[in-house]
Amino acid sequence: MSDDAFDLIVIGSGPGGYVAAIRAAQLGMKTAVVEKYPTLGGTCLNVGCIPSKALLDSSEHFAFARHGIAAHGVRATVELDLPTMLARKDRVVQELTRGVEGLFRKNKVTRLTGTGRIAAPGVVQVTGADGATEAHRAARILIATGSKPARLPGIAYDDRRIVHSTHALALPAVPETMIVIGAGAIGLELGSVWARLGAKVAVLEFQDRAVPGMDRKSGALLQRALEKQGLAFRFGASARGARVEGDRVRVTVVEKDAEREETCDVLLVAVGRRPYTDGLGARELGLATDAKGRIEVDASFATSVPGIFAIGDVIAGPMLAHKAEEEGIAAVERMAGMAGHVAYACIPNVVYTWPELASVGLSEEDAAAKGIVVAIGTFPFLANGRAKAMGERDGQVKIIADAATDRVLGAHIVGPRASDLIAELATAMELGASAEDIARSVHAHPTLPEAVKEAALAVGKRAIHI
Ligand code: FAD
Ligand code: NAI
């Protein structure tokens with residue numbers, strides 16, 4: 001047992017864990033983070049949010065240079081240099097993961113490298129890559145062990161041709177054909193990357209629409225925009241099996257009750273992620289989990305075992321980096337006797353395709369299911385001056401307000417930089433704003449956010465520019 005006793009040991013250095021550790025240190029707790037991988041930052045920085053966005057940005061430039069730039073009066077001969085694109089992505093990841101190391105040093109957070117197992121409440125055993133084990137004591141333990149890609153029965157990853165997101169971030173060559181299973185965030189983002197770089201991409205989704213959890217009409221707008229870019233969608237479709245044969249993957253596709261064999265160069269399975277607790281000792285400790293294997297917590301993120309807390313992808317809720325971060329902050333603030341909380345109704349959710357889909361709060365279907373009478377305002381980017389100057393025509397802003405009180409209940413944006421535009425609406429919702437509040441706020445001209453103001457005006461049927 002190490003002589004050092006900590007106020008808090010965090011297991012996992014993803015956005016949930018590392019942000020919680022920094023906040024705990026700010027609040028005066030002697031804090032350590034256990035991470036089994038050589039770099040900090042978890043799924044998000046290493047194999048998730050950051051590398052996927054680096055590739056999305058690079059492939060957007062490539063697609064724009066190929067298909068969009070000529071309309072601006074710029075002639076260019078465009079050639080793909082995939083090794084440089086992948087190396088740039090790796091550098092972005094490296095700089096950010098090193099940035100977290102720097103933040104740990106600045107905040108005096110101790111880094112413990114190895115796999116953490118909770119031997120007993122208050123004791124974390126850390127096993128390094130060489131097998132050496134050391135036990136550390138802590139008044140409290142925070143589990144932030146995140147998630148891993150889900151598997152489909154009958155389909156084994158070979159990490160080259162049958163892949164999940166991690167390998168799809170580093171394919172050594174552009175496949176001629178790619179089948180993606182799952183039209184969720186990963187399927188659409190990574191499907192877009194490889195389609196832009198030249199792959200023929202088919203997306204199989206067993207539900208009847210893309211991004212099934214999000215506002216139906218907004219999802220349909222995004223689907224149409226992606227179809228124009230060459231992605232093919234097949235709904236009511238899935239895969240029952242797949243095997244590698246030479247350089248090809250033979251996939252058993254099930255579509256509307258019929259089964260047939262298809263081939264592709266790469267099969268990307270993107271059917272969700274599962275909470276990750278392997279090796280943590282959760283079962284031995286008797287930590288309560290739900291039917292999906294997620295650790296159960298109360299409003300203070302306390303698990304069923306006193307002194308042990310959990311946040312992020314390993315507990316219920318959307319698997320999003322900013323959700324994990326907010327929970328990390330709220331959890332340690334509550335440990336410190338403060339009133340940390342997470343505004344779950346106001347968590348934005350973004351699919352970073354082009355156009356992007358960004359969403360916060362209730363969808364039209366959610367509101368109908370709850371029996372809430374709503375007033376809806378929409379405004380197309382086609383009528384926004386800045387979007388026109390940029391050459392962007394697809395998408396719209398949609399604001400859903402309570403018909404009786406005008407309070408904003410949800411917003412859904414398909415369009416350029418929707419990821420940035422949604423922030424105004426998430427803040428408005430957190431502050432309990434009405435559509436009228438947004439409509440009466442001055443927005444700079446000419447900007448994309450003017451489409452948000454116009455959609456808010458449209459809730460009261462008084463949009464100006466349409
Ligand atoms: P994680 O980030 O999964 O981190 C958990 C860490 O714990 C890992 O480093 C792991 O090694 C470590 N660990 C696990 N067990 C142990 C143990 N026993 N001992 C020591 N260490 C351990 N979300 C967004 O909000 N925006 C995006 O754009 C986005 N893009 C994504 C793109 C992809 C391709 C993927 C896969 C995910 C994306 N996500 C995105 C989701 C996001 O990455 C996760 O929601 C987020 O990382 C969850 O954070 P976390 O801290 O809960 O866990
Ligand atoms: P997801 O849950 O977003 O989408 C999975 C899709 O696969 C769903 O549409 C589902 O209906 C479909 N599906 C499930 N089983 C299927 C089957 N057998 N056959 C056909 N379709 C099937 O999961 P995804 O895309 O794998 O992402 C995992 C997590 O990572 C998500 O929870 C997401 O929040 C997070 N993430 C977030 C991103 C972002 O914020 N931009 C980007 C990438 C991932």
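Reader: Why is helix 14 described as largely enclosed by the rest of the structure?

Author: Before the case, two remarks on conventions. This is a predicted model, in which local features need pLDDT of at least 70 and side-chain atom pairs count only at pLDDT 80 or more, while totals for chains, interfaces and linings use all residues. Residues are numbered from 1 along each chain as its sequence is written, chains are lettered from A and ligands numbered from 1 in the order in which they are written, and side-chain values use heavy atoms, with hydrogens and water left out.

Author: Helices are DSSP runs of H or I with at least four residues, strands are runs of E with at least two, and both are numbered from the N terminus. A residue is buried under 20% relative accessible area, exposed over 50% and partly exposed in between, using a 1.4 Å probe and protein chains only. Helix 14 (residues 449-459) is largely enclosed because 9 of its 11 residues are buried; among them are Glu450, Glu454 and Leu457.

Reader: Which elements cover the buried residues of helix 14?

Author: Contact means heavy atoms within 4.5 Å. The cover includes strand 20 (374-380), strand 21 (396-402) and strand 22 (408-415), together with helix 12 (418-430) and helix 13 (435-439). Just after helix 14, lysine 461 takes a positive phi of about 55°.

Reader: How many residues does the largest nonpolar core have, and which have the most contacts inside it?

Author: In soluble globular proteins, nonpolar side chains tend to be buried together. A nonpolar core is a set of buried Ala, Val, Leu, Ile, Met, Phe, Trp, Tyr and Cys residues joined through side-chain atoms within 4.5 Å. Here the largest core has 53 residues, and Phe104, Leu142 and Ile143 have the most contacts inside it. Its largest share, 7 residues, comes from helix 1 (residues 15-26). Apart from this core lies another, of 35 residues, including Ala168 and Met214. Leaving aside residues up to four places away in sequence, leucine 142 touches a set of residues including Leu8, Ala20, Phe309 and Met335.

Reader: How many residues surround ligand 1, and which are the closest?

Author: A residue belongs to such a shell if one of its heavy atoms lies within 4 Å of the molecule. For ligand 1 there are 38, the closest being Glu35, Thr43, Lys53, Gly116 and Ala321. A polar contact is a pair of N or O atoms within 3.5 Å. Oxygen atoms of ligand 1 lie 2.6 Å from a side-chain N or O atom of threonine 43 and 2.7 Å from one of lysine 53. The protein covers 96% of the 1,000 Å² of accessible area that ligand 1 has on its own, areas being computed by the Shrake-Rupley method with a 1.4 Å probe. Helix 2 gives the most to this shell, with 4 residues.

Reader: What surrounds ligand 2, and which residues are the closest?

Author: The shell of ligand 2 has 23 residues, with Glu189, Glu205, Ser238, Gly272 and Val350 the closest. Its largest share, 3 residues, comes from helix 6. A nitrogen atom of ligand 2 is 2.6 Å from a polar backbone atom of valine 350, and an oxygen atom is 2.9 Å from a polar backbone atom of isoleucine 186. Of the 830 Å² of accessible area that ligand 2 has on its own, the protein covers 79%.

Definitions and conventions
A polar contact is a pair of N or O atoms within 3.5 Å; within protein, one must be able to donate a hydrogen and the other to accept it, and residues adjacent in sequence count only if both atoms are side-chain atoms.
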